[in-house]
Amino acid sequence: MIKILFICHGNICRSPMGEILFRALCKKAGKENQYLISSAATSQEELGNPIYPPVRKVLERHGLSWQGKTARQMTKADYDAYDLLIGMDQANIRNMTRIAGGDPKGKIHRLMTFAGQEKDVDDPWYTREFDRAYEEILTGCQGLWQTLEGCPAPEIDK
């Protein structure tokens, strides 16, 4: 089983979208038993809070459930528990590396590198561009799928 943890600042926008989108890819391909997917925050600001309402609306428009997801913080133990720790931006990567105490096994990556793009997924909490974040995260998840499975990701949108 491949274990993937998606991480952003608060775990209420980008990382839950990554978790939900990658889980949807797994389900569509019939591989949900081959992956363990979760998400976390680098900060404590939103601990216990549900996904941010505008993100819920985007996910619902695409037929994806967000029910039951609440923010939690990444821990040092997550580094050993997961095979890949996927951050949404450079600040996340710095904070993830600090929390983990380094990255000796090369597990920490920025999402968009899997899509061949050396860029951050901007935080829609600040930009208010929730649809754009969704599209970028979907592209990153599709690239991650291609990397792990060696084939194009299945289509998940309605």
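Which helices do the buried residues of helix 2 pack against? I started my notebook there. The model is predicted.

**Entry 1: helix 2**

I looked up the contacts of helix 2. Its buried residues pack against helix 1 (14-28) and helix 6. I then listed the residues concerned: Val-55, Val-58 and Leu-59 are buried in helix 2. I looked down the axis of helix 2 and found its buried residues within an arc of 95 degrees, so they line one face of the helix. I also checked what follows the helix. Just after helix 2, Gly-63 has a positive phi of about 75 degrees.

**Entry 2**

Next I looked for the pairing partners. Strand 1 (residues 2-8) pairs with strand 3 in the parallel sense, over 4 bridges. Strand 4 (residues 108-110) also pairs with strand 3 in the parallel sense, over 3 bridges. I followed Ile-86 to both sides. Ile-86 is the bridge partner of Phe-6, and His-109 in strand 4 is the bridge partner of Ile-86. I then traced the chain from strand 3 to strand 4. Strand 3, helix 4 (residues 90-100) and strand 4 form a right-handed β-α-β unit.

**Entry 3: aromatic rings**

How many aromatic pairs does the structure hold? I found 7. One of them is Tyr-52 with Phe-130, a tilted pair with 5.9 Å from centre to centre and 40 degrees between the planes. Tyr-52 lies in the loop between strand 2 (35-41) and helix 2 (53-61), and Phe-130 lies in helix 6 (residues 130-149), so this pair ties together parts 78 residues apart in sequence. I looked up the accessibility of Phe-130 and got a relative accessible area of 8%, which means buried.

I turned to Trp-125 and Tyr-126. Their ring centres are 5.0 Å apart and their planes stand at 80 degrees, so I wrote the pair down as edge-to-face. Trp-125 has 36% relative accessibility and counts as partly exposed. Tyr-126 has 58% and counts as exposed.

I also came across Phe-6 again. Ring pairs link Phe-6, Phe-22, Tyr-35 and Trp-145 into a cluster.

**Entry 4: charges over rings**

I searched for charged ends over rings. The charged end of Arg-56 sits over the ring of Trp-66, 4.6 Å from the ring centre. The charged end of Lys-107 sits over the ring of Tyr-79, at 4.9 Å from the centre.

**Entry 5: positive phi**

My last entry is on backbone angles. Most residues other than glycine have a negative phi. I noted Asn-11, whose phi is positive, near 65 degrees. Asn-11 is in the loop between strand 1 and helix 1. Is Asn-11 buried or exposed? Its relative accessible area is 0%, so I marked Asn-11 as buried.

I noted Arg-128 too, with a positive phi near 70 degrees. Arg-128 is in the loop between helix 5 (124-127) and helix 6. With a relative accessible area of 44%, Arg-128 is partly exposed.

Methods: Residues are numbered from 1 along each chain as its sequence is written. This is a predicted model: local features need pLDDT of at least 70, side-chain atom pairs count only at pLDDT 80 or more; totals for chains, interfaces and linings use all residues. Side-chain values use heavy atoms; hydrogens and water are left out. Two strands pair if DSSP finds at least two bridges between them. A crossover is right-handed if, with the strands pointing away from the viewer, the path from the first strand over the helix to the second runs clockwise. Rings of Phe, Tyr and Trp (its six-membered ring) pair if their centres lie within 6.5 Å; planes under 30 degrees apart count as stacked, over 60 as edge-to-face and the rest as tilted. Buried means under 20% relative accessible area, exposed over 50%, partly exposed in between (1.4 Å probe, protein chains only). A charge sits over a ring if NZ of Lys or CZ of Arg is within 6 Å of the ring centre and within 35 degrees of the ring normal. The arc is that of the directions from the helix axis to the C-beta atoms. Contact means heavy atoms within 4.5 Å.
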